[in-house]
Amino acid sequence: MSEEYLYFPGCSLKATGRAYEESLLTLFRLLDIKLDELEDWNCCGATSYMSIDEEKAFALSARNLALAQKTGKKELLAPCAACYLVLKKTQDYVERYPSMREYVEASLKAANLPMGDKIRTRHPLEVLYNDIGLDRIRSKVVRKWTGGPVACYYGCQAVRPYYEVDKPVDPTRMEELLEAAGIPTVKYSLKTKCCGGSLTGTIHKVGVRLNAILLKEAARNGAKVVATLCPLCQFNLDAYQGEIRKQTQQNLDMPILYFTQLLGWALGGDARALGFRRSISGQAPMKQWLSASKEVAAHV
Amino acid sequence: MEIKRQMKHQKEATPEWAHQITKLPGCEKLFSCIQCGTCSGTCPLSIYMDYTPRRIMNLVREGFREDALASQTIWLCASCYSCTVRCPQQIQITDIMYTLKREAIKSRLFPKRFPIPALAREFYGMVSKNGRSSEMWLVMRMAMKSNPMILLTMIGTGWNLFKTGRMTLRREKIRRVSELPHENAKAMEVR
């Protein structure tokens, strides 16, 4: 049985979130699962498109579902939290509101595309947890983790308002996956508090403030690394640590890594292939464990 | 200093507008709000808002259209859905915020030179045309339409992203632009 998923990267995973794509592909290769990129996919529309025109926003996102359906596959993997939510919401709204369905259907028809309503949108966290399972992850671990405790940060749109990835307020699957790979986690009460998304770019001070709070709390709980599942969360927590250091007078230099990077590392992935060099913050602490873990210990 | 009346008169409200809003997708439950304030309490941004989410809900259902639509609140909402999943009345507050954003854009009541609606409009234009967003160009256009000084806060970050291979100057575009909703809308009108 060859396992295979159709994969929708979205704009971020090709730019600021490149390490997410690199580590996801590496991790799934290590697990012998094939990922097929959706051909000629378009931007999901994220939050901004929806703020201007609702019908077109759903029609835009529905094109990706339509392209997915045309491949004959049943499931579409969307790692970016915003993409994931938009795809889910599109199907939800099209199903619940006949007027919305009518518009989306007509729009797709004008482009000779079918409705993509047989496609199930999946997130890698939940695929790893449900389809692949903790036991299989555990059995594949080859590297002993030496990077210290990890705070698992879920952010908002992957866990809300649709509950398939995990519980909306106190999710635990990321912790369970990392623990299965031998990576200790800490309690983190702000795990689903929003990072502010694009606010760091628009109302800069407010955006940075939200991220300062998130980082301080992770550090206070003893975390040495923050794990994320969203390219925007990773970017915000990673790129503004210089400013946050000044603002909080704390000596923070924390690696902010995708959970796929951490799992990929435990499963023996190559540091370069997992995109560790793309982190802006935390390179110094990372260097310690990236080199220390060369002596690979069988850790089962 | 100009002294203005701060209290609103009922006759300044348009309750019919509130009723129209409740007919839109996601806004059906607006009138079941009990003003408990759970939304404001859970909102990570309410402390920066001109009206908290609870107050926006009340302004909308009483029909104070312009106050709600011209607020910064609706744009500061980052759509994290915290309020929506916690509302004891199952009001989809995030979706109501989206509806208000769209109304504000349509009626041009959104705060001018405020970076968030500027970003949304530029993003919309770019994605409608190319089918993808090119982060670097988007940020430039947003700054030009709101406050170019924003770019100063981004130089360091931009350089760091460039060094780590996370930023390009390439303009992203899909191959079959003709399949995008804007092109389809033209075809739908012809029919």
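In strand β6 of chain A, A:V226 is the bridge partner of A:A151, where helices (H or I, at least four residues) and strands (E, at least two) are DSSP runs numbered from the N terminus. The structure is a predicted model, in which local features need pLDDT of at least 70 and side-chain atom pairs count only at pLDDT 80 or more, whereas totals for chains, interfaces and linings use all residues. Residues are numbered from 1 along each chain as its sequence is written, and chains are lettered from A and ligands numbered from 1 in the order in which they are written.

The pairing of β5(A) with β6(A) is parallel and runs over three bridges, two strands being counted as paired if DSSP finds at least two bridges between them. Strand β6 of chain A, residues 225-228, also pairs with β7(A) in the parallel sense, again over three bridges. In this second pairing A:V226 stands opposite A:I256 of β7(A), and A:A227 has A:L257 in β7(A) as its bridge partner. Together the three strands form an open sheet in the order β5-β6-β7 of chain A, with parallel pairing. Its edge strands, each of which pairs on one side only, are β5 (150-152) and β7 (256-258) of chain A. On average, neighbouring strands of this sheet are turned by 35 degrees against each other, direction ignored; axes are lines fitted to C-alpha atoms, for helices over the stretch in contact, and angles run from 0 to 180 degrees between N-to-C directions.

Two helices of chain A pack on this sheet. Helix α8 (residues 173-180) of chain A touches β5 and β6 of chain A, and its direction makes about 150 degrees with that of β5(A); here two residues are in contact if their C-beta atoms, placed from the backbone, lie within 7 Å. Helix α13 (residues 259-266) of chain A touches β5, β6 and β7 of chain A, with a direction at about 75 degrees to that of β7(A).

In a regular strand the side chains alternate between the two faces of the sheet. In β6(A), A:V225 and A:A227 point one way while A:V226 and A:T228 point the other way, and all are buried, a residue being buried if 20 or more other C-beta atoms lie within 10 Å of its own, exposed if 12 or fewer, and partly exposed in between, with C-beta atoms placed from the backbone. In helix α13 of chain A lies A:L263, which counts as buried because it has 29 C-beta neighbours inside 10 Å. Although A:L263 and A:A181 are 82 residues apart in sequence, their C-alpha atoms are 6.6 Å apart in space. Apart from neighbours within four places in sequence, A:L263 is in contact with A:L27, A:I137, A:L177 and A:A181.

The largest nonpolar core contains 153 residues, and those with the most contacts inside it are A:L177, A:L178, A:V226, A:A227, A:F259 and A:L262. Such a core is a set of buried Ala, Val, Leu, Ile, Met, Phe, Trp, Tyr and Cys residues joined through C-beta atoms within 7 Å. With neighbours within four places in sequence left aside, A:L262 is in contact with A:V150, A:L178, A:I183, A:A227 and A:L257.

Chain A is assigned domain 1 (3-124) and domain 2 (134-292), the bounds coming from an automatic or database domain assignment. The centres of these two domains of chain A, taken over C-alpha atoms, are separated by 25 Å, and 23 residues of domain 1 are in contact with 25 residues of domain 2. On the side of domain 1 of chain A that touches domain 2, the elements giving two or more residues are α1 (18-30) and α4 (81-96) of chain A, and α1(A) gives the most, with nine residues.

Chain B has eleven helices and zero strands, and 43% of its 191 residues count as buried. The domain assignment of chain B gives domain 1 (11-106) and domain 2 (120-190), whose centres, taken over C-alpha atoms, are 28 Å apart. The contact between the chains takes 49 residues from chain A and 49 residues from chain B. On the side of chain A that touches chain B, the largest share, five residues, comes from α3(A).
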